[in-house]
Amino acid sequence: MKRLTAVLGLLVIAFLAGCGGQGGKGSTLVVGAFNPFSGGDASFGPEMMGGCIPAVNLVNQAGGVLGHKMTCQAVDTRGDPADAVPAATKMIATTTNLVGVLGPSADEAQATVPVLNSAQIPMFADTGEAAFDHSKYQYFYRLTPADDVKGYALAQWAYQKGWRRAAAVFGNDVGAQSDVPTLLKAFKELGGTIVSNQSLALDQSSYRTEVTAMLAKHPQVIFTEADPQTDATYLSEVKQLGQMMPVIGTETTLQSSWLKAVSGAIGPAAMTKYVVGMQPLAPATGTSWKIFDKALLAAKKSVSNPSQWATDPYSMTYYDGVNLMALAMLKANSTKPADYAPQIVGLTQAKPGAVVVHSFAQGKHEMAAGKQIQYVGAIGTIIFDRWHNASGAYEAVSSPNGQTKIIGSVSSAQINKLKAGA
Amino acid sequence: MSLFVASLGFGLVTASILAVAAVGFTLQFGVTNILNLAFGDIMTAAAFMGYIATSNGASIWLALAIGGAFGAVFSVLLNRLLYTPFARRGTRLFGMIIVTIAVSLIIQNGIQAIWGPSFFSLKFSPGHSYHVLGSMVFTTAQFGIMGIAVVAMVGVYGLLRYTKLGKAMRATASDPALARSCGIATDRVIDVAWILSGALCGIAGIALAMNVTSFTSTTGGTFLIAIVAAAVLGGVGQAYGAMLGALTIGISSEVAAGLIAPSWKQVVAFAVLVAVLLIRPQGILSEVAEEKEVVA
């Protein structure tokens with residue numbers, strides 16, 4: 001069904017492609033915020049606007065792009081491919097100054113990425129699907145880590161801590177299991193050994209047998225992602241057997257429900273001492289982030305409760321996506337996507353003589369002075385691979401007394417190295 | 001080999017909780033012919049009563065008593081105020097199942113509305129860990145759970161086997177009309193069945209919460225599948241059968257987790273269920289399942 005709607009979409013695009021194009025001098029360039037604004041994932045849209053609006057505001061304050069102002073246009077995909085494909089075709093057909101898109105999300109990416117790509121619309125997707133890890137879509141860019149990247153981050157953090165024998169304890173649900181293959185590959189690549197790999201039936205009344213089998217293999221660390229009750233029961237039994245050990249979880253294990261369940265099961269002291277969760281690095285520090293934060297808080301008229309997005313890594317990636325598009329247009333001296341898209345990756349690369357810039361305004365100024373630039377975003381340094389995926393860095397977070405505390409990080413370079421090896 | 005022995009032992013803990021719940025579930029069904037699918041959610045509600053009690057300084061043993069009392073009162077009221085009026089209107093087994101599902105959803109969502117979609121833990125210490133036969137390790141709390149199960153099973157056995165009330169319950173389960181005509185106050189017997197079933201349900205709810213350590217509004221409901229499986233395996237309506245069913249499900253699932261892989265835990269347990277029912281469709285010990293419209 002997804003493919004059929006995608007094909008139909010492509011046919012419509014083929015017909016409408018000639019109708020589009022960028023507007024004349026002084027017209028406003030549109031960035032499509034292409035995400036769910038209604039339905040089960042309705043929170044995605046506002047989160048996207050929390051990055052898009054501050055970015056276009058700063059671009060406009062800096063004099064715009066080649067004489068054009070920019071704006072964000074919400075396009076509701078409803079989180080459903082059946083709605084998203086018509087929404088994409090309508091957006092492409094009716095928005096003559098459409099220069100790029102933020103999105104699509106995992107809800108609609110499979111169906112709409114081909115549509116957007118065929119229309120030569122650069123997109124900064126926020127889907128985590130591993131299917132796009134090695135995609136050939138020329139106009140596809142991703143600043144958020146793919147779901148399977150979590151495995152690399154977990155493996156690298158354990159390696160950095162000196163642990164070489166690990167147990168992988170994951171729920172048998174699809175989401176949790178998607179982390180396992182990359183974790184196994186990466187940990188082996190680093191020289192470690194997964195001594196026990198358990199796929200847990202969820203929400204059982206006891207995991208004593210599983211825990212005993214796992215402990216018999218003498219791991220130094222447990223990698224995990226399971227629902228709160230499952231991990232709470234499992235880890236409490238590890239503790240009851242007197243062999244509590246370090247636990248490294250995915251970002252799921254940093255959600256409040258997981259923290260409360262596991263903390264209640266093993267106690268706050270053990271929680272603080274042993275449990276760490278890995279999540280995409282959103283440092284909420286540094287020059288670029290401060291510029292983003294200031295612009296976000298200043299956009300309170302158009303962004304509802306803006307402070308809620310200040311430390312949101314997704315909002316930061318949308319902000320960076322807009323900046324990269326705008327800077328690429330300057331670099332290409334064109335607002336045509338086919339002209340500027342090839343410049344995007346180069347803007348993030350460190351090169352001799354390149355000036356590091358933290359905002360559109362700074363980048364515009366340096367380029368006007370004839371200098372090469374390297375854009376460092378609100379999310380930090382961006383390193384694209386050849387498939388236009390920027391994994392980003394991960395941070396290790398502990399949760400003493402319910403408060404999150406960053407205790408270290410895994411760099412995007414380390415993750416990319418593992419990806420290349422795997 | 002040691003893992004096999006350990007898994008047998010750990011299976012006893014799971015089987016203990018399952019046995020208390022399954023006996024309560026099947027005892028009530030045997031007497032009243034109502035397949036109460038809200039049973040797991042009443043367990044959850046009892047666990048929350050235990051949470052309130054232990055959060056206010058009560059010991060876990062007092063919490064068990066409170067959970068049992070809550071389950072008993074809640075169940076008998078549920079029957080009197082809801083199920084009996086439906087039964088009097090002639091609602092048959094399938095219709096009653098729908099009613100019990102509705103009650104299940106009401107309880108589950110009611111709990112979520114009051115406490116939120118979060119996780120809670122009983123405030124108690126599981127106590128020291130003891131090594132048994134080398135490879136098995138049990139906490140004081142787990143010995144307590146097994147002890148409770150043994151006492152409950154012996155108690156139910158004694159009640160049904162050696163007391164007038166037990167005989168009356170068995171007679172009511174076998175043929176309510178005949179029991180009435182023999183002078184048995186079946187309404188009172190049914191009340192007692194609900195009280196007993198509810199008390200076991202409440203105790204099982206607290207025991208489950210002790211064992212899983214963190215529970216939420218859906219915890220008991222998730223456990224219901226295993227309870228029904230144990231009851232069906234033993235022969236619906238047969239208290240002794242439920243004990244056997246609980247042991248079979250509890251131990252086979254743990255042994256599967258130990259000898260094959262954790263993801264085979266439920267596969268093996270329910271494959272055993274299907275295999276037994278292929279050989280004995282009425283369950284291991286059932287005399288009444290067929291009469292209760294449970295099997296074809």
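The legends below describe close-up views of a predicted model.

**Figure 1. Contact between chain B and chain A**. Chain B contributes 32 residues to this contact and chain A contributes 28 residues. The two chains bury about 2300 Å² between them, with 55% of that area on carbon and sulfur atoms. Of the area that chain B buries against chain A, 24% comes from B:Phe119, B:Pro262 and B:Lys265, more than from any other three residues.

**Figure 2. Salt bridge between B:Lys265 and A:Glu210**. The closest N and O atoms of B:Lys265 and A:Glu210 are 2.9 Å apart. One salt bridge is found across the interface of chain B and chain A. The same interface has 15 residue pairs in polar contact, both residues being at pLDDT 80 or more.

**Figure 3. Elements of chain B on the side that touches chain A**. The elements of chain B that give two or more residues to this side are helix 1 (2–32), strand 2 (136–139), helix 8 (186–212), helix 9 (219–234), helix 10 (239–259) and helix 11 (265–279). Helix 1 of chain B gives the most, with five residues. By class, the side of chain B that touches chain A has 14 nonpolar, 16 polar and two charged residues.

**Figure 4. Ring pair of A:Phe132 and A:Tyr137**. Over all chains, a search of the whole structure finds 19 aromatic pairs. In the pair of A:Phe132 and A:Tyr137, the ring centres are 6.5 Å apart and the planes are at 45 degrees, so the pair is tilted. A:Phe132 counts as buried because its relative accessibility is 3%, and buried means under 20%. A:Tyr137 has a relative accessible area of 29% and is partly exposed.

**Figure 5. Ring pair of A:Tyr207 and A:Tyr234**. The ring centres of A:Tyr207 and A:Tyr234 lie 6.1 Å apart, and their planes are at 50 degrees, so this pair is tilted. A:Tyr207 is in the loop between strand 7 (193–200) and helix 8 (208–215) of chain A, while A:Tyr234 is in helix 9 (residues 228–240) of chain A, so the pair ties together parts that are 27 residues apart in sequence. Both A:Tyr207 and A:Tyr234 are buried.

**Figure 6. Aromatic cluster in chain B**. The cluster consists of B:Phe48, B:Tyr51, B:Trp115, B:Phe120 and B:Phe215, linked by ring pairs.

Conventions. Residues are numbered from 1 along each chain as its sequence is written. Chains are lettered from A and ligands numbered from 1 in the order in which they are written. This is a predicted model: local features need pLDDT of at least 70, side-chain atom pairs count only at pLDDT 80 or more; totals for chains, interfaces and linings use all residues. Side-chain values use heavy atoms; hydrogens and water are left out. Contact means heavy atoms within 4.5 Å. Buried area is the accessible area (1.4 Å probe) that two parts lose on being put together, summed over both. A salt bridge is a side-chain nitrogen of Lys or Arg within 4 Å of a carboxyl oxygen of Asp or Glu. A polar contact is a pair of N or O atoms within 3.5 Å; within protein, one must be able to donate a hydrogen and the other to accept it, and residues adjacent in sequence count only if both atoms are side-chain atoms. Helices (H or I, at least four residues) and strands (E, at least two) are DSSP runs, numbered from the N terminus. Ala, Val, Leu, Ile, Met, Phe, Trp, Tyr, Cys and Pro count as nonpolar, Asp, Glu, Lys and Arg as charged, and the others, Gly among them, as polar. Rings of Phe, Tyr and Trp (its six-membered ring) pair if their centres lie within 6.5 Å; planes under 30 degrees apart count as stacked, over 60 as edge-to-face and the rest as tilted. Buried means under 20% relative accessible area, exposed over 50%, partly exposed in between (1.4 Å probe, protein chains only).
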